[in-house]
Amino acid sequence: MKWIPLVISVVFFSCSPKQLPTERYNQYSYEFESEFAADTLKIFIRNPLHSPLRVLLQREADSLADQLVMLKSITLNAKSDTSLVVLNVTDFKHKIKISSLLGSLEKKILPIELDLPFQEGKEFKVIQGNNSNFTHNKDYSRYALDFDMQTNDTICSSTDGFVVGVVDRYKYSGKGKEWTPFANFITIYEPISGVYCQYVHLVENGSLVSIGDRVERGQKIALSGNTGRSTVEHLHLNLLVPADNSNGFKSIPITFTGGIKGVTLKKGDRLKR
């Protein structure tokens, strides 16, 4: 019997790690202008959103810093603007830092029931509930719910309201905390109750709406995906109200139409609309 040598070729495939995006995108924009002449500083701010906006002005190293600290934050109503005049400015060497947060701390929050965030006749499983170990354990996300929606599944608005935030230009995801800022999402403001609904981890270019759009319950608004801090395709639904903290929001419990309480839902539960 003649033995024929067998050569086995083994090919190793290596996957390059996904790189964090080099650019960050803001979910909304607003107008800010300043003019300094003699000893007077003029500031103009315009809020183009259908939502209140808290604007914070800050200086670091001159006499104007104390005057701006006195202003603290300025809350602009939806679709409004304001002009500020600061007199007797003797030292103006450093630029004004400006930042903003959605919502008014003065708005009374009213109870609201949400529709399930998908099309009628569809059923999806909860894959992460409230106050859970992976990501739903901070004030910003404590009462969020994750549904096992696949990439390009249709997301529907859970409320009436206005689109006040859109990010949909990211492509990838990762497990680490460093991926948190790089999720695609939509923010919708419901002006009667004062709540904000966020739909997170959308696919790249997955928004079906734009800033300023008026949306209705059940309207198709986005396509699900797997972007930002995420290990699997899914929809992260979060109900938020304005708060006096660094990110300006805190998560609150969700109640769905029919009296379904989000706090009672756990991993593996299935919901049908």
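**Close-up 1. Tyr170 and Phe182, two buried aromatic residues.** Both Tyr170 and Phe182 are buried (under 20% relative accessible area with a 1.4 Å probe, protein chains only; exposed is over 50%, and partly exposed lies in between). This is a predicted model, in which local features need pLDDT of at least 70 and side-chain atom pairs pLDDT 80 or more, while totals for chains, interfaces and linings use all residues. Residues are numbered from 1 along each chain as its sequence is written, and side-chain values use heavy atoms, leaving out hydrogens and water. Tyr25, Tyr170, Trp179 and Phe182 form one aromatic cluster.

**Close-up 2. The ring pair of Tyr28 and Tyr30.** The whole structure holds eight aromatic pairs (ring centres of Phe, Tyr or Trp, the last by its six-membered ring, within 6.5 Å; planes under 30 degrees apart are stacked, over 60 edge-to-face, the rest tilted). The Tyr28 and Tyr30 rings are tilted, because their planes meet at 40°, with centres 6.4 Å apart. Tyr28 is buried at 14% relative accessibility, whereas Tyr30 is partly exposed at 22%.

**Close-up 3. Surroundings of Ile98.** Ile98 is partly exposed, with 28% relative accessibility. Neighbours within four places in sequence aside, Ile98 is in contact (heavy atoms within 4.5 Å) with Tyr30, Phe32, Val55, Leu56 and Leu57. From C-alpha to C-alpha, Ile98 and Phe32 are 8.5 Å apart in space, although 66 residues separate them in sequence.

**Close-up 4. Arg214 and the ring of Phe162.** The charged end of Arg214 sits over the Phe162 ring, 5.2 Å from its centre (NZ of Lys or CZ of Arg within 6 Å of the ring centre and within 35 degrees of the ring normal).
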